[in-house]
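Dear colleague,

Please find below the structure that I am handing over to you. My findings follow it.

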Amino acid sequence: MKNIRHSSLQDLEALMKEWSEPAFRAKQIYEWIWKRFAGDINDMTNLSKSLREKLAAAYFIPKVKVHHSQFSSDGTIKNRLELHDGYYVESVLIPTDKRMTVCVSSQVGCSLSCKFCATGFLPRKRNMDFDEIVDEVVLANEQSLQHYGKGITNIVFMGMGEPLLNYKNVMKAIEKISSPDSLGMSPRRITVSTAGIAKMIRQLGDDQVKFKLALSLHAANDRKRDEIMPINETNNTDELIDALNHFYKMTKNEITFEYILFKDFNDSTKDADELVKLYRQVPADLVNIIEYNPIEKAEFMKPEDDKVEAFMKYLESKRVNARLRRSRGKDIDAACGQLANVDKATA
Ligand code: SF4
């Protein structure tokens, strides 16, 4: 059985020709897949029964299903999603006054083992297919309409996995999400977040992508970054600075730094000063300072409020465009770095 979502419109046209079906059937099937997001070939009701049977004998739709959802008191919804081969990933819908953002996963588990991240303690099982990533967005959109009466406005690739290590599928998913033949969302509303794969950041520049880029920095010197993000040993901050400059030169797209504050590790004025120096070497728009959400397996703690305040004040005094992000969905382990397929009571 083949995944019908891996067939292009041209493939479907060729198939219809081979089966002596009229050419317009290909367009109908394509629309069922990418406009109406059919979960089953039998749902394609404007096709003849015999064509549906023929298709269903050779093809299937590996539709992602919501296994269960948890609802936070702040309105955040975390979904445990089941893939066709039984693996699970998580997505998070985050409502704010102006936006409905979905945070999506791109891999089952992650190979990068960042020391503060719950996903990093899971082995990487496989890459997600582009159509599975599109399903995550479609499901979140349906959920958003159902619970909040409006569709999603923004997508961030900050869930499980390193998107740039699943480059082809992430790029293809974004192409579908932004195509007028499918969801038609503006790529300017999409942010891909990376732990820092210099070669692939350069590739994004060469491919002249239209979406935004976020770098999970979390420490502004190599010694500290090596300690919490092993990927830094082969992609150090100098290489990342070069790659980000290349990305900006080629795309002029927004770059954001993500910086989680860990108590007594990266929260001093000296750390803030190192962050300022690095920020000045890259045309970054914004630094998001993120409140840490402790997880059981990691030793890190959240700094005291006055430490956070002093850190923010220092950045402000140096005219860094920095914002403090309070995490959402903490009561359901949906906050940054907490996605780990934890099986909790369904809601
Ligand atoms: S922070 Fe991102 S890259 Fe690092 S282990 Fe977690 S999911 Fe992987």
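Asp-74 sits in the loop between strand E3 (65-71) and strand E4. Please bear in mind that this is a predicted model. Asp-74 counts as partly exposed because its relative accessibility is 31%, a value between the limits of 20% and 50%. Its side chain makes two polar contacts that I would point out: one with the side chain of Ser-72 at 2.8 Å, and one with the side chain of Thr-76 at 2.7 Å. Leaving aside neighbours within four places in sequence, Asp-74 is in contact with Arg-328 and Gly-329. Ser-111 is 37 residues from Asp-74 along the chain, and the C-alpha atoms of the two are separated by 31 Å.

**Asn-79 in strand E4**

Strand E4 spans residues 77-82 and contains Asn-79. Is Asn-79 buried or exposed? Asn-79 counts as buried, because its relative accessibility is 2% and the cut-off is under 20%. The side chain of Asn-79 is joined to that of Gln-143 by a polar contact of 2.8 Å. Not counting residues up to four places away in sequence, Asn-79 touches Val-66, His-68, Ser-69, Val-89, Glu-90, Ser-91 and Gln-143.

**Helix H6**

Helix H6 covers residues 198-206, and its buried residues are Ala-198, Met-200, Ile-201, Leu-204 and Gly-205. Residues three or four places apart in an α-helix point the same way, because there are 3.6 residues a turn. The cover over the buried residues of H6 includes helix H5 (167-178), strand E10 (190-194), strand E11 (212-216) and helix H8 (237-251). After H6 comes Gln-208, which has a positive phi, near 50 degrees.

**The ligand shell**

Around the ligand are Cys-110, Leu-112, Ser-113, Cys-114, Cys-117, Thr-119, Gly-120, Gly-159, Gly-161 and Ala-195. By class, this shell has five nonpolar and five polar residues, and no charged ones.

**The cavity**

The count comes to one cavity of 30 Å³ or more. The largest cavity holds about 60 Å³ of space. Its lining is made up of Leu-261, Ile-290, Glu-291, Tyr-292, Lys-302, Pro-303, Asp-305, Val-308, Leu-324 and Arg-326. Strand E13 (286-291) and helix H10 (305-317) each supply at least two residues of that lining. By class, the lining has six nonpolar and four charged residues, with no polar ones.

Yours sincerely

Key. Residues numbered from 1 in each chain as written. Predicted model: local features only at pLDDT ≥ 70, side-chain atom pairs only at ≥ 80, totals over all residues. Heavy atoms only, no water. Buried < 20%, exposed > 50% of the residue type's maximum accessible area, 1.4 Å probe, protein only. Helix = DSSP H or I, 4+ residues; strand = E, 2+ residues; numbered from the N terminus. Contact = heavy atoms within 4.5 Å. Near = heavy atom within 4 Å. Nonpolar A, V, L, I, M, F, W, Y, C, P; charged D, E, K, R; others polar. Polar contact = N/O pair within 3.5 Å; in protein donor to acceptor, adjacent residues only side chain to side chain. 1 Å grid on protein atoms, 1.4 Å probe; cavity = no way out; pocket = protein on both sides within 12 Å on 5 of 7 lines; lining within 4 Å. Points joined across faces, edges and corners; volume = space filled by probe spheres on them.
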